[in-house]
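Let's take a friendly walk through a protein structure, one piece at a time. Have the picture open as you read.

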Protein chains: 2
Amino acid sequence: MVLYVVGLGLGDEQDITLRGLNAVKKSKKVFLENYTSVLGIELSKLSEFYEREVVLADRDCVETGADQILEDAKDHDVSFLVVGDPLCATTHSDLIIRAQELDIKVEVIHNASVMGAAGSCGLQLYSFGQTISIPFFREEWRPDSFYEKILYNKKGGMHTLCLLDIKVKEPDFEAMCRGKIVYLPPRFMTVNQAVEQLIEVEEKRQEGAYTRDSLCVGMARLGQKDQTIIAGTMEELLTADFGAPLHCLVIAGDVHPLEEEMLKQFRIKH
Amino acid sequence: MVLYVVGLGLGDEQDITLRGLNAVKKSKKVFLENYTSVLGIELSKLSEFYEREVVLADRDCVETGADQILEDAKDHDVSFLVVGDPLCATTHSDLIIRAQELDIKVEVIHNASVMGAAGSCGLQLYSFGQTISIPFFREEWRPDSFYEKILYNKKGGMHTLCLLDIKVKEPDFEAMCRGKIVYLPPRFMTVNQAVEQLIEVEEKRQEGAYTRDSLCVGMARLGQKDQTIIAGTMEELLTADFGAPLHCLVIAGDVHPLEEEMLKQFRIKH
């Protein structure tokens, strides 16, 4: 049978394509991957709208083989829903390869992704360099390998899209030591936190990938009704209020006149 | 009233989102931009499915002010349809800025774009550098400013997405000299032509951005039922058959093991 890997886009249940909805309606089982991104609505609303039970597939389920999903797909059509576009990250490549090895037909249904919608920020998508991910720093773990990538993009005049960390269904190790399985509440990195971490790394590395005065554009809930886009210096974005998740950030490289013009509407108000 | 700028995705009339379809149905006038990309279906089929007359908006119409579109949008809802995502290129920024200056509310409805769907090629989208456009070379006009961009991406280990030229509704200057307005038939650059031009430029520049042995991935009709993806060296792609438009091309930078694994399925057959 067919494993449909369906992009849901960025906002709510209305952002699925007609082709995607058709696949969901044909499917006996519907899974939603919920650990790399989140939609702006409740799961129950999605279930109701699609007239299907939607089962959450967490990281454990998907990365440890997705056996349940593949088992189901042998006998009947199954939809695996992904927020954004299914192939914008390699997260789901493994599932697709495994399905093909089992002779399950795979159909990918594309949709808008943050990597495309980032064009909303007024900076030209053609001029974006490699994308980086900024992880939550912990006391003893402050990895900054993204720094060289920003630096390289910057030297080439390119903008850098920064995807910000998400922690969903993280185990509570303290509780586990007491023999209980408990998950921490979900956490989503804000633009403010990302900028704070970036400034810390620049202060340590001092190679001039950016400064507190570098122009950035922070974006929240991209593609949703209440999306918020604010352009300003890193210093300014440290305290700007972006509201609810998801947030992402662009560090501007060389800015061209048409980009200037587009950015005007998003400049921070003082 | 509202100017809806609606992404149609990459394939056919089924790739619009529910939100997009809703906007089209609310609109009194519907325009389709048809000079930066094309869908895989006829205009008449689109009209029929949307139950709206769809008016083609060519480059002249959009770039010289889009007066008709904006005039209509003052009095009633208008949809401006764009293949792919509306904000992946700056082409439509000007229309949006002008509408806002006229106090027309603009709502952008995102969709899949080639820049996202290029992730289908098996190379990780995060590792793509700046995107280039390859124009049709003419006898006296062989611009190669894209070369430095590929070189810079390559030195940083990044992949390069190459968008290939489209000529739609180009005036026939010979006929115009005889006083007639005649348009040439549309032309779409193939992967073969793009690779041929790239090799010519490398032979001239000789800075080693790539060679005939460089790994590339050619893609045709991305996101459509019969999409074709073939990975091979430039030499191999010179003669590979990709079929009907649209084509695009990725020049690989550093290839990681998971990418190798994904690419296997697309390797050219000898």
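## Starting from one residue

Find A:R98, which sits in helix α5 of chain A. Please keep in mind as you look that this is a predicted model. Is A:R98 buried, partly exposed or exposed? Its relative accessible area is 26%, and since buried means under 20% and exposed means over 50%, A:R98 counts as partly exposed.

Now look for A:A66, which lies 32 residues away from A:R98 along the chain. The C-alpha atoms of A:R98 and A:A66 are separated by 9.0 Å.

## The helix around it

Helix α5 of chain A covers residues 93-101. Which of its residues are buried? They are A:S93, A:L95, A:I96, A:I97 and A:A99.

What covers these buried residues? From chain A, the cover includes β1 (2-7), α4 (67-75), β4 (78-82) and β5 (105-109). Chain B takes part too, through its helix α11 (257-264). After α5(A) comes A:D103, with a positive phi near 60°.

## A sheet of five strands

Elsewhere in chain A you can find an open sheet of 5 strands, in the order β6-β7-β12-β10-β11 and with mixed pairing. At its edges stand β6 (132-134) and β11 (228-233) of chain A; each has a single partner strand, so one side of each is left without a neighbour in the sheet. From one strand to the next, the twist averages 25°.

Strands β6(A) and β7(A), the latter made of residues 160-164, run parallel and are joined by 3 bridges. Which residue of β7(A) is the bridge partner of A:S133? The partner is A:L163. Helix α7 of chain A (residues 146-155) packs on the sheet, where it touches β6, β7 and β12 (247-251) of chain A. The direction of α7(A) makes about 140° with that of β6(A).

## Two copies together

## How confident is the prediction?

For chain A, the mean pLDDT is 91, and 99% of its residues reach 70 or more. For the complex, the predictor gives an ipTM of 0.92 and a pTM of 0.93.

Note on methods:
Residues numbered from 1 in each chain as written. Chains lettered and ligands numbered in written order. Predicted model: local features only at pLDDT ≥ 70, side-chain atom pairs only at ≥ 80, totals over all residues. Heavy atoms only, no water. Pairing = 2+ DSSP bridges. Helix = DSSP H or I, 4+ residues; strand = E, 2+ residues; numbered from the N terminus. Axes fitted to C-alpha atoms, helices over the stretch in contact; angles between N-to-C directions. Contact = heavy atoms within 4.5 Å. pLDDT = per-residue confidence, 0-100. Buried < 20%, exposed > 50% of the residue type's maximum accessible area, 1.4 Å probe, protein only.
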